[in-house]
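These are my notebook entries on a single protein model. I set down what I looked up, entry by entry.

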Amino acid sequence: PGYRDPDNRHPLWWYSSAIAAGTDGPFGVPEFATGLYHTDMESVLWHVADLGQARAAHPALWSGTESEWWTDVDTLGYARVSGDDQALVILHRGWWDTTLDNSLSFAGLDADGTYTDLLTGETFEASGDSISVFMPGNSSRVLVR
């Protein structure tokens, strides 16, 4: 592993530990989660697993036309459209809650309808080419239509 860099692509600690214990992978998320020693790590693991499922189900999360939807020091939002699939991804690194109000059509998104957050199940209603999205501190949203 690692080609010319011997430190590149070493087996991950959890995989190496499983092999040493005589258990061969691959592991699913539930099996991996039971071996984590910190609850915050488990929530991050499930968050990443949810993102992987969302990416597999929505082509707009990995292809298509991308447009900047929102940007400031602590928040980045971008829209992606791939055929009929539309996504609005928002990353908020501020410690405070905030609400973002912005239009949709300039970013190639439908101006009316319901956008659903794939991470929480919450819905946001677009109306008159505008949407208002509540962002808790240190959070992300993956909205699809």
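Entry 1, a loop serine. I located S63 in the loop that joins helix 3 (39–57) to strand 1 (65–71); helices (H or I, at least four residues) and strands (E, at least two) are DSSP runs, numbered from the N terminus. The model is predicted, so I note that local features need pLDDT of at least 70 and side-chain atom pairs count only at pLDDT 80 or more, while totals for chains, interfaces and linings use all residues. Residues are numbered from 1 along each chain as its sequence is written, and side-chain values use heavy atoms, with hydrogens and water left out.

Is S63 buried or exposed? I recorded S63 as buried because its relative accessibility is 19%, the classes being buried under 20% relative accessible area, exposed over 50% and partly exposed in between (1.4 Å probe, protein chains only). Apart from neighbours within four places in sequence, S63 is in contact with R80, V81 and S82, where contact means heavy atoms within 4.5 Å. With S82 I found a polar contact, side chain to side chain, at 3.3 Å. A polar contact is a pair of N or O atoms within 3.5 Å; within protein, one must be able to donate a hydrogen and the other to accept it, and residues adjacent in sequence count only if both atoms are side-chain atoms.

I placed N102 in strand 4 (residues 98–103). N102 counts as buried because its relative accessibility is 19%. Its side chain reaches the backbone oxygen of W69 at 2.5 Å. Leaving aside neighbours within four places in sequence, I listed W69, W70, D129, S130 and I131 as contacts of N102.

Rings of Phe, Tyr and Trp (its six-membered ring) pair if their centres lie within 6.5 Å; planes under 30 degrees apart count as stacked, over 60 as edge-to-face and the rest as tilted. W69 and W70 form it, tilted, with 6.0 Å centre to centre and 40° between the planes. I recorded W69 as buried because its relative accessibility is 3%, and W70 as partly exposed because its value is 21%.

I found L91 in strand 3. L91 is partly exposed because its relative accessible area is 42%. T75 lies 16 residues away along the chain, yet the C-alpha atoms of L91 and T75 are separated by 5.7 Å. Not counting residues up to four places away in sequence, L91 touches D74, T75, L76, S139 and S140.

I counted three helices and eight strands, in the order α-α-α-β-β-β-β-β-β-β-β along the sequence. Of the 145 residues, 32% are buried. Among contacts with a separation of 6 or more, 47% are between residues 24 or more positions apart.
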